[in-house]
Amino acid sequence: MATASLTAFDFRALVRSGVGVPLGVLAVLAMVIVPLPPIALDVLFTFNIALSLIVVMAVFYVLRPLDFAIFPTVLLLATLLRLALNVASTRVVLLHGHTGSHAAGKVIESFGEFVIGGNYAVGVVVFAILTIINFIVVTKGAGRISEVTARFTLDAMPGKQMAIDADLNAGLITQEEARARRAEVRAEADFYGSMDGASKFV
């Protein structure tokens, strides 16, 4: 019990100190170099899929973009994790694929059997379609939407600032409310700017 409490305390202290995220990024980068066993790939792929579902559900139920202001950072980290998993799984498939479909883990084996149904021609066609949809439709569309939204948000900032000043001068809001609204306008501009950069990386 004492060991568990000490471990939990050390983990919380590590997160609070700001070292946890850099260590996590270094661990993800190490996955590109260090070979991973199939069980580790299964665990990491399951975690990645669960993280993606959690992010999607959170986005659906967020009322304002600033309620999920950390989304650009989560998107970048999730993309980095996925790229590292792709490299690690490709290495395992190329090195040990001759031993059978289970060489890369149960998750990849189950997904492959579900998608291609044992027919490699179908798998090639489905893979090509998914690649085209991902790169042309999803990535290009999301990048364009983020770019236009960031541009319009930045263009609207002076008008919003003047509206806040006008309400303050008219006595409709207090000094504290004006300060809070200015901070919200700046945070909104920072959020859409971060989304624009994150979408270009993805």
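Trainee: Which residues of α3 meet which residues of α4?

Mentor: This is a predicted model, in which local features need pLDDT of at least 70 and side-chain atom pairs count only at pLDDT 80 or more, while totals for chains, interfaces and linings use all residues. Residues are numbered from 1 along each chain as its sequence is written, and side-chain values use heavy atoms, with hydrogens and water left out. Taking contact to mean heavy atoms within 4.5 Å, Leu41, Leu44, Phe45, Phe47, Asn48, Leu51, Val55 and Val59 in α3 meet Phe71, Val74, Ala78, Leu81, Arg82, Leu85, Ala88, Ser89 and Val92 in α4.

Trainee: How do the residues of the contact of α3 with α4 divide into nonpolar, polar and charged?

Mentor: Ala, Val, Leu, Ile, Met, Phe, Trp, Tyr, Cys and Pro count as nonpolar, Asp, Glu, Lys and Arg as charged, and the others, Gly among them, as polar. On that division, the contact of α3 with α4 comprises 14 nonpolar, two polar and one charged.

Trainee: At what angle do α3 and α4 pack, and what does that make α3 relative to α4?

Mentor: Axes are lines fitted to C-alpha atoms, for helices over the stretch in contact, and angles run from 0 to 180 degrees between N-to-C directions. Helix α3 (residues 38-61) and helix α4 (residues 71-96) have axes 11 Å apart and pack at an angle of about 155°. Because angles under 35 degrees count as roughly parallel, over 145 as roughly antiparallel, 65 to 115 as roughly perpendicular and the rest as oblique, α3 is roughly antiparallel to α4.

Trainee: Which residues make the contact between α3 and α5?

Mentor: α3 and helix α5 (residues 106-116) pack at an angle of about 65°, with their axes 7 Å apart. The contact joins Asp42, Phe45 and Thr46 of α3 to Lys106, Val107 and Ile108 of α5.

Trainee: How many aromatic pairs does the structure hold, and which residues form the pair?

Mentor: Rings of Phe, Tyr and Trp (its six-membered ring) pair if their centres lie within 6.5 Å, and planes under 30 degrees apart count as stacked, over 60 as edge-to-face and the rest as tilted. The structure holds one aromatic pair, a tilted one with 5.5 Å centre to centre and 45° between the planes, formed by Phe68 and Phe71.

Trainee: Is Phe68 buried or exposed?

Mentor: Buried means under 20% relative accessible area, exposed over 50%, and partly exposed in between (1.4 Å probe, protein chains only). Phe71, at 17% relative accessibility, counts as buried. Phe68 has a relative accessible area of 16%, so Phe68 is buried.

Note on methods: Helices (H or I, at least four residues) and strands (E, at least two) are DSSP runs, numbered from the N terminus.
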